[in-house]
Amino acid sequence: MEITVIGTGYVGLVTAVGFAELGHRVLGVDRDAAKVRRLQAGDPVIYEPGLAEKLVAQQGAGRLHFTTEIAAGVRHAPILFICVGTPSLPDGSADLSQMEAVVRQIAAALDGYRLVVEKSTVPVRTSSWVHRTLRLYTRPGIEFEVASNPEFLREGRAVHDFFHPDRIVLGVPSQRAGDLLGEVYAPFHCPKVITDPNTAEIIKHACNSFLALKISYINLIAELCERTQADVHTVAQAMGLDQRIGPEFLEAGLGYGGACLPKDVQAFIHIGEEHGLDFSLLKEADAINRRRVDGILQKLKRALWILEDKEIAVLGLAFKANTDDVRGSQGLAVARALLDSGARVRLWDPHAAARAQELLSPSERVAYTDSIWGALEGAHAAVIATPWEELRALDLARVAATMLTPIVVDGRNLLDTEAVRAAGLEYHPVGRPSVAFT
Ligand code: UGA
């Protein structure tokens, strides 16, 4: 069937390409003309494993096109997915201005029934606002409906996640809307949760906030382990073996970053308060997460005594592995905190350095390196900030020989303690016993 996807960021582009591969004829819309030109030329703009090949293949098959014109998107399909950004406002609530702007443009172009589907993460009751906006700006007599179909893709695994969802959530106002969305997702045989739009909107915030809670919980346990010489890795392993808890999202470390979890926790706290509920449970998760970077700084201070003028390698700037996304990046936060302490930073990331450069103010105390070894050369300490595979497989003897003082603070608990000891490194993981310099 014909489908329009409005907004071609990390979610929208993967969704557009995925729908095309399922056999739908997809038109992707984005207001950024330069980006649309690159997409039309087969350049995905973002780094997401497997995406570039699929983009080119679907364009070659004639099932995927891009435009800047929302009106063209409205003409193209009976179903329009909105995938625009919903960043945080200063008070933590979601900024829905991009959403509103898109909805007004859709309204102006409507000439007959369309199903408008929110895929962006939005506060509960947004579908009512979308409906009201369409009613206000559409010519009288034109039919439309609004549904919520939240997305659960993880960056870095988004293509895989698109084709292997745990479940699909369809928040629909009617049988007609349910049937249309049912047709879009007919090829999937996973559980489909069919519900109303308000419930679907809450499901998305409830999931992301729960994931954040789980991460902050294990990070709190890591803090206790550090004070009691216990090992959080083994605690998490044993917890995860309990089927009621499960092993995922129990990796202690620098905490959660990215464009979703931090923002969605803030937004959900705000939504709770708007409805007279005290979401201090989530405030605590947020507070634990915010002190992760400081925890790494403290480890560095304990190891180096003075940070001023020390050369520190920060290994990893993407907020997680397999992406070039640096929004909410803990690696960048560590780099900023080090610069504030007077240190010099040597930054390495296999995919995210260019985007990091856009966010970090240039300074003679900041150097970007093409290789891990370039970052480690002459460094007083190194911080592992992103769990890139390259870092797991490091030649540790070479690390010790390359650094000026072989001190590694492992913000992602990637390295094996025995291997580190054998290589003669001083090693400070998170929530696990350190290895002293010998
Ligand atoms: C998250 C959700 O996992 C997706 O389901 C959702 O669709 C997406 O937000 C969204 O709302 O668009 P994402 O932000 O791509 O996906 O990344 P996650 O895999 O959730 O990781 C978030 C952060 O938590 C990363 O910084 C990661 O390093 C950190 N993390 C994750 C931990 O610190 N410990 C863990 O055990 C797991």
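**Charged pairs and ring pairs**

Modeller: Let's start with Asp-111, which forms a salt bridge with Arg-114, their closest N and O atoms being 2.9 Å apart (a salt bridge needs a side-chain nitrogen of Lys or Arg within 4 Å of a carboxyl oxygen of Asp or Glu). Keep in mind that this is a predicted model: local features need pLDDT of at least 70, side-chain atom pairs count only at pLDDT 80 or more, and totals for chains, interfaces and linings use all residues. Numbering runs from 1 along each chain as its sequence is written, and side-chain values use heavy atoms, leaving out hydrogens and water.

How do the two partners sit? Asp-111 counts as partly exposed, at 49% relative accessibility, whereas Arg-114 is buried at 8% (buried is under 20% relative accessible area, exposed over 50%, partly exposed in between, with a 1.4 Å probe and protein chains only).

Next, have a look at Glu-21 and Lys-54, whose side chains meet in a salt bridge, 3.1 Å from N to O. This pair links distant parts of the chain: Glu-21 belongs to helix α1 (residues 10-21), Lys-54 belongs to helix α3 (residues 51-60), and they are 33 residues apart. (Helices, H or I of at least four residues, and strands, E of at least two, are DSSP runs numbered from the N terminus.) Glu-21 is partly exposed, with 32% relative accessibility, and Lys-54 is partly exposed too, with a relative accessible area of 23%.

Then there's Asp-324, whose side chain meets that of Arg-355 in a salt bridge of 3.0 Å, N to O. Asp-324 sits in the loop between β9 (311-315) and α14 (330-340) and Arg-355 in helix α15 (residues 353-359), so the pair ties together parts 31 residues apart in sequence.

Glu-155, Asp-325 and Arg-327 are linked in a network of salt bridges. Over the whole model the count comes to 24 salt bridges.

Now the rings. How many aromatic pairs does a search of the whole structure find? It turns up seven (rings of Phe, Tyr and Trp, the last by its six-membered ring, pair if their centres lie within 6.5 Å; planes under 30 degrees apart are stacked, over 60 edge-to-face, the rest tilted). Take Phe-19 and Tyr-185: their ring centres are 5.7 Å apart with planes at 65 degrees, so the pair is edge-to-face.

Phe-162 and Phe-163 make another edge-to-face pair, because their planes are at 80 degrees, with ring centres 5.0 Å apart. Phe-162 is buried at 6% relative accessible area, but Phe-163 counts as partly exposed at 22%.

And these two ring pairs belong to one group: ring pairs link Phe-19, Phe-81, Phe-162, Phe-163, Tyr-185 and Phe-188 into a cluster.
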